[in-house]
2 protein chains.
Amino acid sequence: MAETVERLRQRVEELERELSRERSRQVVGGRTRIEKMSSEVVDSNPYSRLMALKRMGIVGDYEKIRTYAVAIVGVGGVGSVTAEMLTRCGIGKLLLFDYDKVELANMNRLFFQPHQAGLSKVEAAEHTLRNINPDVAFEVHNYNITTVEHFEHFMSRISNGGLEDGKPVDLVLSCVDNFEARMAINTACNELGQTWMESGVSENAVSGHIQLMIPGESACFACAPPLVVAANIDEKTLKREGVCAASLPTTMGVVAGILVQNVLKFLLNFGTVSFYLGYNAMQDFFPTMSMKPNPQCDDRNCRKQQEEYKKKAAALPTQEAVPQEEEEIVHEDNEWGIELVSEVSEEELKNSSGPIPTLPEGITVAYTVPKKQEDSVSEVTVEDSGESLEDLMAKMKNM
Amino acid sequence: MAETVERLRQRVEELERELSRERSRQVVGGRTRIEKMSSEVVDSNPYSRLMALKRMGIVGDYEKIRTYAVAIVGVGGVGSVTAEMLTRCGIGKLLLFDYDKVELANMNRLFFQPHQAGLSKVEAAEHTLRNINPDVAFEVHNYNITTVEHFEHFMSRISNGGLEDGKPVDLVLSCVDNFEARMAINTACNELGQTWMESGVSENAVSGHIQLMIPGESACFACAPPLVVAANIDEKTLKREGVCAASLPTTMGVVAGILVQNVLKFLLNFGTVSFYLGYNAMQDFFPTMSMKPNPQCDDRNCRKQQEEYKKKAAALPTQEAVPQEEEEIVHEDNEWGIELVSEVSEEELKNSSGPIPTLPEGITVAYTVPKKQEDSVSEVTVEDSGESLEDLMAKMKNM
C-alpha cells in the first residue's frame, strides 16, 4: 500500500513536470521583455536588424516606433499580416478590431493556423503576436464596428486608445473586405480628423491597393469612387449563393507589405509616402497617384476638414501655403480616357455619372454611380449628382 | 491510506487528461489530410478560396499545383515566407536547404517565433509548415550547399527529388543572402538545365528584386553582374566586424510575395511571368526588364544551354524560331546612361569594365568588375575582360 502511494506520488510529480514543460513551450516559450531597444549585434537581440536602419542612413530615430499606437480594423488576410509586421517592427501599441472567427477556409492566407479554427480572430491574433513580441501593448475588440453602439465605442477608442490613455491613436489601418466597414472608418476618421490608410484586394485575388487619407488634405473614401477595390460584395453575401471570392497569400502578403512599408515611412519619416499604390499581379504593374479632396464631398466632416486644412495652410509663414488655384479632381462624365482592367465595364462607366478622378493607365474605379434618369443631361456635374453616392451606399447596405 | 491512494489516482488521471489536451493543442491541432482539392464553399475547406481562381477565370487548372515540386535554398527572411505561401497554396512538395539556426535576431522578419530559437531553420520550418498543411510533402536538408560534398548531394536532389522520386524538381528558388551560394545554384542549374528564380534584398533593407533564369534562354547569374542585389557581403562577414545588415519584414514580405506570385504564374500558366522585377521601397518604384544570355558567359554550361536552346528554337515549325539577329546585352564600358540608386557609385561604375547590360532607370548593378590596369584601353570589350568575372568571384570568396 505504501509502495502504491509512493509510485502514485512519483507519477503525479512526473506529470506535473511534463505539463509545465508543455505549457512553457506554448505560452512562455517566447522571450522576455526588453526595456530599451539596443543596436548591439548579437544573436539574442531581436532589434539589431531594425536598429541597423539608423547606421545604414535610412531612418533617423528608429526607437521612436515604440511611441506609436496603430489601430487595425479587420484581422483577415491583409490585417493579420499587417499586425504581425508591425509587431515584429516593435510598434508601441496595436488595437485590433474584428468580429469573425478563424476558419479552415482562411488557411490559404498567411498567419492563422489550423489549430486556431473556431477561435475569434482578434483573440487568436493577440495570442500569437504576444508570443512573437511581448514588448508590444495590445488592445483587442471582438465586435462589428458598423453597428451603432460599436461604432461609438470604436470612435472613442480611436480618440483615447493611444499609447498614453486618453490620447488618440497615431494611425488607423483599414484591412476590411466590404464597403460598409470602409465607409464607417471613413466617417469616423473625417469626424476625428484622424489620418488613416485603406487597403483592398480584388475578389479575383490578382489585384490590390493601398491608399493614404489625411482628412482635409487628400481625397477621402467618399470624395471619389474607391479605386481598384473589387466588386462591393463581401464574402458573407457571396457565401449565401454558394460561391466565394478567390484569395492568394501572395497578393495579400504584397498588399500587407506595401501597407506597412507606407506606415513605417509615414511614422518614422523616411522615403516617399505614397497616397495611392496599386498592384496588378497579372502584369506586375504598380501604379501610383494622389487625389485632392472633393470640395463637394457628401461627408460634411470631410468638407469641414478641407476648410480647416486650407486655413492652417494659409497661416503657414512662406511658400508652404496651399496654391490658390487647386487642381480640380472632378471631371465631367464624358471625359474618360481611362483604361479598364477590373470590375467596372466601359459600358457601365459610360452610363454612369458622379465624380470620376483622372486616373493613370491601369487604375479603374470599383463602382460607378448610375445615371439617375434617361432625361438627365449628359453634362452631369458633381453638384447635380450630389446625392447619388449616398443613394448608392444605402443600396449597397441592403445588398 | 485508501483515501490518499484514491486522491492520488484521481490526480494522475486529471494530469494525464490535461497533458493530452495540451499536446493535442500543440502538435495535432491541425487538420486531417485531404485527398482531392474541392471547390465546395464551406468554412472547413482550406482550398475553397484557391479553387475559386478557376471560377474567376484566372487559373485554368488549379489542382495541377499538387503535381509540382519546388526546392527552396535559404530559409531566412524571404525563403521561410516563400515556403509558407507555397505550403498554403497546396504545392505538391517542398525541398528546403539551409544550415543556419533560428536566432532571436531573426524575429524582425516574418515566420519564425521566439520559442524556436536554437532549432535548425529547416527543422523548425518543416514542423510549422506540416501543421499548416499536411497535404504537402517535405524534404529538408540541414547543410551548406557550397561545400563540395553537399553541392553534389544538392545537385542529385534537384535532379531526383521531384514529386515522383527520380524525376527532377520543377523549380529551384534562391532565397540566400550571399554571393557564393547564388553562384553555386547558378552553376548547378546551368549544368542541369534547371529553371530557377533568384531573389534578393539589399543590406539597407529598402530594395529587393526577383529574377527568372531559364538556362540558355535568359541571362544566367554569371552572364551579367547581378542587379540591385546588395553589397556582396554576407551577414557572417558583417557580424565579425560588429555590424549587421538591416532588414525589414515589409521588404522581405513583398519580395517573397512577388517571388511566389511569379512561381504560381509560371507553374499554373496565367498572367505575365516577369524575368526581372525590382522593388525600391523608398520611392515605391517596381522596374521590370529582361536580359538575353551572354554568348561569352564564363559558365561553359550556360554557353552549352544557349546552343541547345537555339537548336530547339530553330527546330520549331514556324515563327516560334529565335530571331537571327539577337539584341546584344553587352555594351562598351563607356555606354552608361544608368541612374544609380544603390551600392555602386558612379565613380566605381566609370572605373569598371566588363559586361554591363542596358538598364531601365532605377536599376543598378550590385557590383562591377574593376579595370585591370591603368594602361588598359578604355574600349574594353567583353572578350578582353573574359576572365574578370571569375577573378572577382575568387576575390569575393576570400572576403
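This is a predicted model: local features need pLDDT of at least 70, side-chain atom pairs count only at pLDDT 80 or more; totals for chains, interfaces and linings use all residues.
**View 1. The contact between chain A and chain B.** This contact draws 90 residues from chain A and 90 residues from chain B. The two chains bury about 8000 Å² between them, and carbon and sulfur atoms account for 64% of that area. On the chain A side, the greatest losses of area to chain B fall on Asp43(A), Arg49(A) and Arg88(A), which together make up 10% of what that side buries. The size of an interface is often expressed in this way, as the accessible area lost when the parts come together.

View 2. One salt bridge links Lys265(A) to Asp284(B), with the closest N and O atoms 3.4 Å apart.

View 3. At least two residues each are supplied to the side of chain A that touches chain B by helix H1 (2-28), helix H2 (48-55), helix H3 (79-89), helix H4 (121-132), helix H7 (235-240), helix H8 (249-268) and strand S7 (276-280) of chain A. The most is given by H1(A), with 15 residues. Sorted by class, this side of chain A comprises 44 nonpolar, 26 polar and 20 charged residues.

View 4. In chain A, 8 strands form an open sheet with mixed pairing, in the order S3-S2-S1-S4-S5-S6-S7-S8. Strand S3 (137-141) and strand S8 (288-289) of chain A are the edge strands, each pairing on one side only. S7(A) and S8(A) run antiparallel and are joined by 2 bridges. Within this pairing, Leu277(A) has Thr288(A) in S8(A) as its bridge partner.

**View 5. Helices packed on the sheet of chain A.** H4(A) packs on the sheet, where it touches strand S2 (93-97) and S3 of chain A; the direction of H4(A) makes about 170° with that of S3(A). H8(A) also packs on the sheet and touches strand S1 (69-73), strand S4 (171-174), strand S5 (196-201), strand S6 (207-213) and S7 of chain A. The direction of H8(A) makes about 170° with that of S5(A).

View 6. The open sheet of chain B consists of 8 strands in the order S3-S2-S1-S4-S5-S6-S7-S8, and its pairing is mixed. Its edge strands are strand S3 (137-141) and strand S8 (288-289) of chain B, each of which pairs on one side only. Strand S6 (residues 207-213) and strand S7 (residues 276-280) of chain B pair in the antiparallel sense over 5 bridges, and His209(B) stands opposite Gly278(B) in S7(B). Helix H4 (residues 121-132) of chain B lies across strand S2 (93-97) and S3 of chain B, at about 170° to S3(B). Helix H8 (residues 249-268) of chain B packs on the sheet, touching strand S1 (69-73), strand S4 (171-174), strand S5 (196-201), S6 and S7 of chain B. The direction of H8(B) makes about 170° with that of S5(B).

**View 7. A salt bridge within helix H1 of chain A.** The side chains of Glu14(A) and Arg11(A) meet in a salt bridge, at 2.8 Å from N to O. Both residues lie in helix H1 of chain A, 3 residues apart, about one turn of the helix. Over all chains, the structure holds 26 salt bridges.

Technical notes
Residues are numbered from 1 along each chain as its sequence is written. Chains are lettered from A and ligands numbered from 1 in the order in which they are written. Side-chain values use heavy atoms; hydrogens and water are left out. Contact means heavy atoms within 4.5 Å. Buried area is the accessible area (1.4 Å probe) that two parts lose on being put together, summed over both. A salt bridge is a side-chain nitrogen of Lys or Arg within 4 Å of a carboxyl oxygen of Asp or Glu. Helices (H or I, at least four residues) and strands (E, at least two) are DSSP runs, numbered from the N terminus. Ala, Val, Leu, Ile, Met, Phe, Trp, Tyr, Cys and Pro count as nonpolar, Asp, Glu, Lys and Arg as charged, and the others, Gly among them, as polar. Two strands pair if DSSP finds at least two bridges between them. Axes are lines fitted to C-alpha atoms, for helices over the stretch in contact, and angles run from 0 to 180 degrees between N-to-C directions.
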